[in-house]
Structures are given as C-alpha cells and as structure tokens.
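Here is a protein model to explore together. Take a moment to turn it around on your screen, and then we will walk through it step by step.

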Amino acid sequence: AYRHLYRHISPPPDASDDAAAYLQYLGYSVAEIDVLSAAFPPLPSLDVGRHLHPKALYLERTLGCDLKSAGDRRAVPPQLYGARLEHSLAPHVAFLDTPLGTECGLPSGRRLLDDGLLPSLLAATRCP
C-alpha cells in the first residue's frame, strides 16, 4: 500500500541534485546542514530524487511539517531522510491515525512534530 510513496513526483526543476544544495532549497541553513551531517554522516551522499525529495513531501503533506520554519526543521531527525519510508515509518504513522490509535489517545500527524515524538517513533520503527 505504501510502495513508492511520493517517489513518483520529481523534485522541482530549480532544485539541485546535490543533497546539501537541496536541503538549502528546503530552508536549511549551511550551519544546520553541518549539524545534520555530523549527526547522520550519510546525509550528504543521499540521492535527492530517491531519498530527500520523497521524505520532504511526506513531512509536508502527511505530517504538516513546514521546513521553512526553524522550529519544524529542528523537530525532524536527520536519520528520517535515510529511513525506509514505505516499510517502516509510513505504516506506523498511518496506524496512529486510525480510530484505534486516536481512541487510545496516541499522537499522530502534526502532534508527532509538536510533541517532539518523531525521533522516538523513527527509532522504534527502524528495521533491523
């Protein structure tokens, strides 16, 4: 159900194929990119079309994240950009949004960012 999630949408033509330049296009500063790269060394080598752009769209369209906002950018762990979106994160976020998840009072959508829970969810859903 989640196969190729947001991978069919190409990055905008004015976006760079270079990971660091694309992150700047999203709103990250050079200093923020340096911090992200130190925390997640593979980040600068990730493919924009296959990794960064689909994750940015997922953050924006599914979680309501505004990457132009410094607060929202800080709530996104750099490891998310390398995560297996379709197999790990997306199904769990979708479950949190079901009636069962909401009846249990589990946070979903925007609350994952606002409550600072996205790093914990990402760590819990990581495939071995």
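This is a predicted model: local features need pLDDT of at least 70, side-chain atom pairs count only at pLDDT 80 or more; totals for chains, interfaces and linings use all residues.

Which residues does Leu-52 touch, not counting residues up to four places away in sequence?

## Leu-52 and its surroundings

Leu-52 touches Ala-19, Tyr-22, Leu-43, Leu-46, Asp-47 and Tyr-81, once residues up to four places away in sequence are set aside. Contact here means heavy atoms within 4.5 Å. You will find Leu-52 in helix H3; helices (H or I, at least four residues) are DSSP runs, numbered from the N terminus. With a relative accessibility of 0%, Leu-52 counts as buried. Buried means under 20% relative accessible area, exposed means over 50%, and partly exposed lies in between, using a 1.4 Å probe and protein chains only.

Residues are numbered from 1 along each chain as its sequence is written, and side-chain values use heavy atoms, with hydrogens and water left out.

## Where H1 meets H3

Helix H1 (residues 19-26) packs against helix H3 (residues 48-61) at an angle of about 20 degrees, and the axes are 11 Å apart. That makes H1 roughly parallel to H3. Axes are lines fitted to C-alpha atoms, for helices over the stretch in contact, and angles run from 0 to 180 degrees between N-to-C directions. Angles under 35 degrees count as roughly parallel, over 145 as roughly antiparallel, 65 to 115 as roughly perpendicular, and the rest as oblique.

On the H1 side, the contact is made by Ala-19, Tyr-22 and Leu-26; on the H3 side, by Val-48, Leu-52, His-53 and Ala-56. Sorted by class, this contact of H1 with H3 has six nonpolar residues, one polar and no charged. Ala, Val, Leu, Ile, Met, Phe, Trp, Tyr, Cys and Pro count as nonpolar, Asp, Glu, Lys and Arg as charged, and the others, Gly among them, as polar.

## H5 and its two partners

H3 also packs with H5, at an angle of about 0 degrees and with the axes 13 Å apart. That makes H3 roughly parallel to H5. Here Pro-54, Lys-55 and Tyr-58 in H3 meet Leu-85, Leu-89, Ala-90 and Val-93 in H5. This contact of H3 with H5 includes six nonpolar residues, no polar and one charged.

Now follow helix H5 (residues 85-96) to helix H8 (residues 118-125): they pack at an angle of about 120 degrees, with axes 9 Å apart. H5 and H8 are therefore oblique to each other. From H5, the contact uses Ser-88, Leu-89, His-92, Val-93 and Leu-96, and from H8, Leu-121, Leu-122 and Thr-125. Those residues of the contact of H5 with H8 divide into five nonpolar, three polar and no charged.

## Two aromatic pairs

How many aromatic pairs are there? The count comes to two. Rings of Phe, Tyr and Trp (its six-membered ring) pair if their centres lie within 6.5 Å; planes under 30 degrees apart count as stacked, over 60 as edge-to-face, and the rest as tilted. The rings of Tyr-22 and Tyr-25 have centres 5.9 Å apart and planes at 25 degrees, so this pair is stacked. Being three residues apart in helix H1, Tyr-22 and Tyr-25 are separated by about one helical turn. Tyr-22 is buried, at 1% relative accessible area, while Tyr-25 is partly exposed, at 31%.

Tyr-28 and Tyr-81 form an edge-to-face pair, 6.4 Å centre to centre with 75 degrees between the planes. This pair links distant parts of the chain, 53 residues apart: Tyr-28 is in the loop between H1 and H2, and Tyr-81 is in the loop between helix H4 (70-75) and H5. Tyr-28 counts as buried at 4% relative accessibility, and Tyr-81 counts as buried at 0%.

## Two serines to find

Ser-37 is in helix H2 (residues 30-39). At 18% relative accessibility, Ser-37 counts as buried. Leaving aside neighbours within four places in sequence, Ser-37 is in contact with Leu-43 and Pro-44.

Ser-69 is in the loop between H3 and H4, and Ser-69 is partly exposed, with a relative accessible area of 25%.
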